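Here is a short report on one protein model. Look at the sequence and the structure, then read on.

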Amino acid sequence: MAFMEKPPAGKVLLDDTAPLSAGIEASQSLHSHTISGLSLPLPPKKLIGNMEREFIAERQKGLQRYLDVITTNHLLANCELVKKFLDPNNYSANYTEIALQQVSMFFRSEPKWEVVEPLKDIGWRIRKRYFLMKSKNQPKERLVLSWADLGPDKYLADKDFQWLIRLLPSCSHPHIYRVTFSTASESSALVIRTFNERGTLRDLIYKAKPKEPFLRKYGSPKKAQGLELAHIKAFGRQILEALKFLHDKGFPYGHLHASNVMLEGDTCRLLDLENSLLGLPSFYRPYFSQLRRINTWERVEGRPPDAVPGDRFPPARWEAGVSVLEAVLSPEACKNGAPSVSRLLQMPLFSDVFLANSEKPQFKIPAKLKEALKVAKECIEKRLVEEQKLIHQHRRLTKAKSHHGSEEERRRRKILARKKSKRSALEGSEEHSAKYSNSNNSAGSGASSPLTSPSSPTPPSTAGE
């Protein structure tokens with residue numbers, strides 16, 4: 001698509017990271033069912049009197065709290081089952097079947113690949129599916145194919161988009177996971193990489209197996225643990241070097257999180273470079289739109305942060321690590337701007353890490369495509385800024401309405417109204433007294449005025465004497 005061009009007619013590119021909300025407006029008796037996986041505040045049941053009006057009203061409040069917890073939980077809110085329940089009109093499709101159809105069409109022209117099995121729900125994206133693959137030329141080698149549909153941030157022209165997707169295997173960097181094969185149509189793309197049995201950085205942190213469903217792995221982890229200082233320093237430096245390389249090439253990469261970092265021994269490699277080309281929203285977009293910052297907290301504490309910005313950091317195991325967190329997560333950083341990748345590389349936590357790289361980085365992108373990437377990046381940022389403005393306006397209006405309707409504000413307005421009424425009554429009384437006084441002065445003015453002296457008589461005329 002050209003700059004800010006709308007999607008083709010009939011093609012709705014939804015932002016699956018956009019939060020949904022639900023409100024209970026009425027009740028209806030249905031067969032019972034439960035949703036499990038996380039500790040959620042389900043309201044208590046009642047065997048006797050469960051159809052009484054008071055109990056139904058109280059249970060409705062409890063169910064509303066239950067829904068609010070689900071829609072504000074980052075992992076649950078992006079779950080396909082939750083999306084289908086809250087928005088069946090937009091999430092009724094069988095995305096696995098759609099992916100299989102697209103992949104089958106691809107195999108007609110590329111018969112050397114073979115699907116071993118679907119890797120069901122190993123990722124969080126609804127419109128991105130994974131398949132375990134093998135090559136007929138090397139049947140013992142395990143590969144993973146990822147297929148994804150276009151997202152709402154796809155601003156590249158179709159020709160440029162397909163060209164860039166096909167360039168991905170040419171990207172070579174010691175800290176970027178190598179792409180074996182990639183291709184694209186006008187509506188989707190598929191990428192094949194080597195399957196890594198060890199999994200991602202998040203798998204290491206959460207002690208999870210790569211093939212397990214995303215929500216099961218990370219929804220309610222029991223063994224999650226932060227990394228040791230040596231690994232944090234080394235992994236952090238490697239990730240920053242990969243980001244700097246992409247930035248220098250003019251390639252946008254806004255998809256950094258622990259699940260997009262593959263581990264090979266003690267080496268980190270970034271995944272999913274194709275996401276920005278496809279226009280897929282970031283995993284942390286809800287944070288971007290409200291807080292304008294991403295973070296790397298998970299590597300330190302073994303879990304995402306509870307809130308950003310933050311001014312209360314956990315007990316420091318190392319001073320240099322806290323300085324990095326403060327530079328990225330503190331209110332000052334979120335207000336004034338987080339440090340650049342180059343600035344982070346100069347901080348003490350990363351600057352003394354030695355990297356012995358034998359692989360020469362290279363990624364040749366033609367000048368025409370670099371310009372297209374620059375324009376697409378500007379479009380993505382513009383959409384994000386517009387969304388931030390809408391959210392901030394909504395917050396201000398909500399805050400104003402909440403303040404206006406608060407009990408304290410109502411009392412204040414009543415007191416002001418009484419004071420104004422008393423002031424008006426007092427001013428009216430004073431005005432009436434003034435008018436009454438002026439009226440009395442006008443009525444008695446003739447009697448009180450001094451007498452006028454009579455005029456002197458006119459002397460007799462002497463003319464003609």
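## A buried arginine and its partner

In this predicted model, Arg-285 is buried, because its relative accessible area is 4% and buried means under 20%. Its salt-bridge partner is Asp-153, with N and O 3.9 Å apart. Arg-285 sits in helix α10 (residues 285–291), and Asp-153 in the loop between β3 (142–149) and α5 (158–167), so the pair ties together parts that are 132 residues apart in sequence. Asp-153 also counts as buried, at 4% relative accessibility.

The structure holds 21 salt bridges. One of them joins Asp-15 to Arg-383, with the closest N and O atoms 3.1 Å apart. This pair links distant parts of the chain. Asp-15 is in the segment before α1 (53–72), while Arg-383 is in helix α16 (residues 367–405), 368 residues apart. Asp-15 and Arg-383 are both buried.

Asp-158 and Lys-154 form another salt bridge, 2.7 Å from N to O. Are these two residues buried or partly exposed? Asp-158 is partly exposed, with a relative accessible area of 30%. Lys-154 is buried, at 2%. Salt bridges with shared partners also build one network, made of Asp-15, Asp-153, Arg-285, Arg-383 and Glu-387.

## The largest cavity

How many cavities of 30 Å³ or more are there? The count is seven. The largest cavity has a volume of about 440 Å³. It is lined by 29 residues. Closest to its centre are Ile-122, Tyr-130, Thr-200, Ser-259 and Leu-271.

The lining of the largest cavity has 13 nonpolar, 10 polar and six charged residues.

Where does the second largest cavity lie? Domain 1 (13–86) and domain 2 (95–310 + 319–394) both give residues to its lining, so this cavity lies between them.

The lining residues include Leu-14, Asp-16, Trp-124, Arg-125, Gly-151 and Pro-281. By class, the lining of the second largest cavity has seven nonpolar, two polar and three charged residues.

Helix α8 (residues 229–248) has 20 residues. From its first C-alpha to its last, α8 reaches 28 Å, close to the 28 Å expected at 1.5 Å a residue. Just after α8 comes Gly-250, with a positive phi of about 75°.

Conventions
Residues numbered from 1 in each chain as written. Predicted model: local features only at pLDDT ≥ 70, side-chain atom pairs only at ≥ 80, totals over all residues. Heavy atoms only, no water. Helix = DSSP H or I, 4+ residues; strand = E, 2+ residues; numbered from the N terminus. Expected span 1.5 Å × (residues − 1). Salt bridge = Lys/Arg side-chain N within 4 Å of Asp/Glu carboxyl O. Buried < 20%, exposed > 50% of the residue type's maximum accessible area, 1.4 Å probe, protein only. 1 Å grid on protein atoms, 1.4 Å probe; cavity = no way out; pocket = protein on both sides within 12 Å on 5 of 7 lines; lining within 4 Å. Points joined across faces, edges and corners; volume = space filled by probe spheres on them. Nonpolar A, V, L, I, M, F, W, Y, C, P; charged D, E, K, R; others polar. Domains from an automatic or database assignment.
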